[in-house]
Amino acid sequence: MNYFAHGRLYTDRPYFLAGTAVPDWLGVVDRKVRLRAQYVLPFADGSGSALAELAAGLLQHFEDDQWFHNSPAFYETSGQLTRLFRESLGTEDGYRSSFLGHIVTEIILDGMLIEENPNQLEAYYEAIARLDPEEIQQAVNRMARKSTMTLSLLIPRFRQEQFLRDYQQPDR
């Protein structure tokens, strides 16, 4: 859920930025659709087309996750949060403390980056506003082994709700 950390440096490249968000968007609307680098790589041909930019952004997301999720800071922070959630919520099967620890670590990171760079958040949402959600969905369907019919519905809601602004407000 660290959309901003993935995309904040690419506001001048809206489809690249969208590519950095697609894996997390799919996690919200269509968890069965998984993108893999081996299927995305041929589309990142450097042509500058929306498809090539989206593919390059996806590859950036994969690279970012590989680095971040293996860093000591992520491991320690998400581990501490997991323990706190487990202590607070218990160990019943309905609570996925490790998932919560992972997600909250990413949300905290985004919140800190937004606080340090509020103008970048404005530019981030301006870039999202320039996207064609249907074009993104069609591109994802070309790169994925399973198709999605719901991704294009999420992108306008993501733009409208602008919930990344809530990351700085603990009560939200």
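**Figure 1. Thr20 sits in helix α2 of this predicted model.** Helix α2 covers residues 14–29, and Thr20 falls within that run. The relative accessibility of Thr20 is 1%. Buried means under 20%, so Thr20 counts as buried.

**Figure 2. The protein chain is built from nine helices and zero strands.** Read from the N terminus, its elements run α-α-α-α-α-α-α-α-α. The chain has a radius of gyration of 16 Å, close to the 16 Å that the globule rule gives for 172 residues, so it is as compact as a globular protein of that length. Along the principal axes, the C-alpha atoms fill a box of roughly 50 × 35 × 30 Å.

**Figure 3. Burial and contacts within the protein chain.** Of the 172 residues, 42% are buried. Thr20 is one of the buried residues. Take the contacts between residues at least 6 apart in sequence: 71% of them join residues at least 24 apart.

**Figure 4. Surface and charge of the protein chain.** The accessible surface comes to about 9,700 Å². Carbon and sulfur atoms account for 50% of that surface. The chain carries 17 positive side chains and 24 negative ones. The centres of these two sets lie 7 Å apart.

Key
Residues numbered from 1 in each chain as written. Predicted model: local features only at pLDDT ≥ 70, side-chain atom pairs only at ≥ 80, totals over all residues. Heavy atoms only, no water. Helix = DSSP H or I, 4+ residues; strand = E, 2+ residues; numbered from the N terminus. Rg over C-alpha atoms; globule rule 2.2 N^0.38 Å. Buried < 20%, exposed > 50% of the residue type's maximum accessible area, 1.4 Å probe, protein only. Contact = heavy atoms within 4.5 Å. Areas by Shrake-Rupley, 256 points an atom, 1.4 Å probe, with all protein chains shown as cover. Lys, Arg positive; Asp, Glu negative; His and termini not counted. Charge placed at Lys NZ, Arg CZ, Asp CG, Glu CD.
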